[in-house]
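Visitor: I'd like to learn how to read this one from the inside out. Can we take a residue, then its strand, then the whole sheet?

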Amino acid sequence: MEIIKLRNTEEYIKLGQALKAAGLVGSGVEAKEVIQDGQVLVNGETETRRGRKLYNGDTAEFDNQEIKIEK
C-alpha cells in the first residue's frame, strides 16, 4: 500500500494527482483514461471523476495497488 501524505495546508488531493504521485500512472492523460474507463476504485466503489477529492482516510485502488491518503 502506498501512502500519500497531505501537506499541512492541504485538505485534499485530487484523484488524478494521487495516482500520479503514487507512480501508478505516468501522466495526467493516462490518469484521465484509466479513471474514465472505470478502472479506479475509491473507498471500494468505482470512480469515473478525475477531479474527485480524496481526504484523510480515503483509499484508492488501481491495477491491484492501493493508495491511502493521510494527513
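Visitor: Which residues does Thr 59 touch, not counting residues up to four places away in sequence?

Guide: Contact here means heavy atoms within 4.5 Å. By that rule Thr 59 touches Leu 41, Val 42 and Asn 43, and also Glu 66, Ile 67 and Lys 68. One caution before we go on: this is a predicted model, where local features need pLDDT of at least 70, side-chain atom pairs count only at pLDDT 80 or more, and totals for chains, interfaces and linings use all residues. Residues are numbered from 1 along each chain as its sequence is written, and side-chain values use heavy atoms, with hydrogens and water left out.

Visitor: Is Thr 59 buried or exposed?

Guide: The classes rest on relative accessible area: buried is under 20%, exposed is over 50%, and partly exposed is in between (1.4 Å probe, protein chains only). Thr 59 has 18%, so Thr 59 counts as buried.

Visitor: And where in the fold is the place of Thr 59?

Guide: Helices (H or I, at least four residues) and strands (E, at least two) are DSSP runs, numbered from the N terminus. Thr 59 belongs to strand β6.

Visitor: How do I read the pairing of β6 and β7?

Guide: Strands of a sheet pair through backbone hydrogen bonds, either parallel or antiparallel. The criterion is that DSSP finds at least two bridges between the two strands. β6 and β7 (residues 65-70) are antiparallel, with four bridges. Thr 59 faces Lys 68 of β7, and Ala 60 has Ile 67 as its bridge partner there. The hairpin of β6 and β7 has two residues between the strands, and Asp 63 takes a positive phi near 55° in that hairpin.

Visitor: Which strand do three bridges join to β6?

Guide: That's β3 (residues 40-42), antiparallel to β6 (residues 59-62). Val 40 of this pair has Phe 62 in β6 as its bridge partner.

Visitor: What is the order of the strands in the open sheet?

Guide: Five strands make up the sheet, in the order β1-β7-β6-β3-β4, with mixed pairing. β1 (2-5) and β4 (45-46) each have a single partner strand, so they stand at the edges and one side of each is left without a neighbour in the sheet.

Visitor: Let's zoom out. What pattern does the chain follow along the sequence?

Guide: It reads β-β-α-α-β-β-β-β-β, from two helices and seven strands. Of the 71 residues, 32% count as buried. Residues 24 or more positions apart account for 46% of the contacts with a separation of 6 or more.

Visitor: How far does the C-alpha trace span along its principal axes?

Guide: About 30 × 20 × 20 Å.
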